[in-house]
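Open the model in your viewer and keep the selection panel at hand. We will go from one selection to the next.

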Amino acid sequence: MSISAKLILLAGSAFLLSALAAAGDDPASVERGRKLYLKYSCGACHGPEGRGGIKNPNAIGGEVPPLARVREGYTLAELKEKIEDGFPAVLQEDPDGPEPPLFMPAWKKVLSKKQIDGLARYLMSLLPENEMEDWE
Ligand code: HEC
């Protein structure tokens with residue numbers, strides 16, 4: 001193989017590796033997160049694979065938000081913070097109406113940093129980069 005062919009190969013694999021890293025693609029963490037999502041019943045409120053559809057009367061939109069598209073609105077760090085701190089009060093559609101029954105628990109006392117990292121990476125992986133919507 002010529003030197004230049006080797007260089008092209010090298011550049012190609014470096015590109016692939018950096019593309020994977022950019023996607024936050026860490027298969028072991030994603031898999032850890034997928035298992036935790038099942039174990040801690042995130043899906044009871046957010047639906048299987050974060051697809052939503054769970055009613056939450058008088059919450060904005062009347063449902064617990066789906067998680068399958070969080071990648072469009074959150075960075076990995078922001079997502080971890082949301083999971084750690086939860087949301088003590090859900091925004092109400094009718095401020096004078098009843099309190100929505102489901103709220104987001106804080107997980108920082110239940111799960112380790114490594115587990116929360118796995119969950120956040122799993123949620124990010126639910127929306128592949130090529131399916132992200134262009135808002136421009
Ligand atoms: C008891 C129901 C319940 C469970 C269980 C639950 N959540 Fe939530 N979650 C909510 C509600 C309700 C909200 C919306 C809070 C708000 O906007 O006021 C929410 C919001 C979120 C958000 C922010 C979504 C957005 O679009 O802003 C993330 C991320 C999230 N949850 C992740 C998780 C993960 C991960 C788990 C499991 C470890 C989990 N949730 C378990 C009820 C739940």
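A residue counts as buried here if 20 or more other C-beta atoms lie within 10 Å of its own. Keep in mind that the model is predicted.

**Whole chain.** Show the protein chain as a cartoon. There are five helices and zero strands. From the N terminus on, the elements read α-α-α-α-α. Now colour by burial. Of the 136 residues in the chain, 17% are buried. Next, turn to contacts with a separation of 6 or more. Residues 24 or more positions apart account for 61% of them.

**Helix α5.** Select residues 113-125, which form helix α5. What distance separates its end C-alpha atoms? They are 18 Å apart.

**The core.** Select I83, I116, L119, A120 and L123. These residues have the most contacts inside the largest nonpolar core, which has 13 residues. The elements giving two or more residues to this core are α4 and α5. Of the elements, α5 gives the most, with six residues. In soluble globular proteins, nonpolar side chains tend to be buried together.

Centre on L119. Beyond its neighbours within four places in sequence, L119 is in contact with G33, L36, Y37 and I83.

**The ligand.** Now show the residues around the ligand, 23 in number. Which come nearest? They are C42, C45, F87, V90 and M104. Colour the shell by residue class: 19 are nonpolar, three polar and one charged. Highlight α3 (42-46) and α4, each of which supplies at least two residues of the shell. The most come from α3, with four residues.

**After α5.** Finish at M132, in the segment after α5. Is M132 buried or exposed? M132 is exposed, because its count of other C-beta atoms within 10 Å is 11, and a residue with 12 or fewer is exposed. M132 and E72 are 60 residues apart along the chain, yet their C-alpha atoms are separated by 6.7 Å. Leaving aside neighbours within four places in sequence, the contacts of M132 are R71, E72 and L127.

Methods. Residues numbered from 1 in each chain as written. Predicted model: local features only at pLDDT ≥ 70, side-chain atom pairs only at ≥ 80, totals over all residues. Expected span 1.5 Å × (residues − 1). Core = buried A, V, L, I, M, F, W, Y, C linked by C-beta atoms within 7 Å. Contact = placed C-beta atoms within 7 Å. Near = placed C-beta within 6 Å. Nonpolar A, V, L, I, M, F, W, Y, C, P; charged D, E, K, R; others polar.
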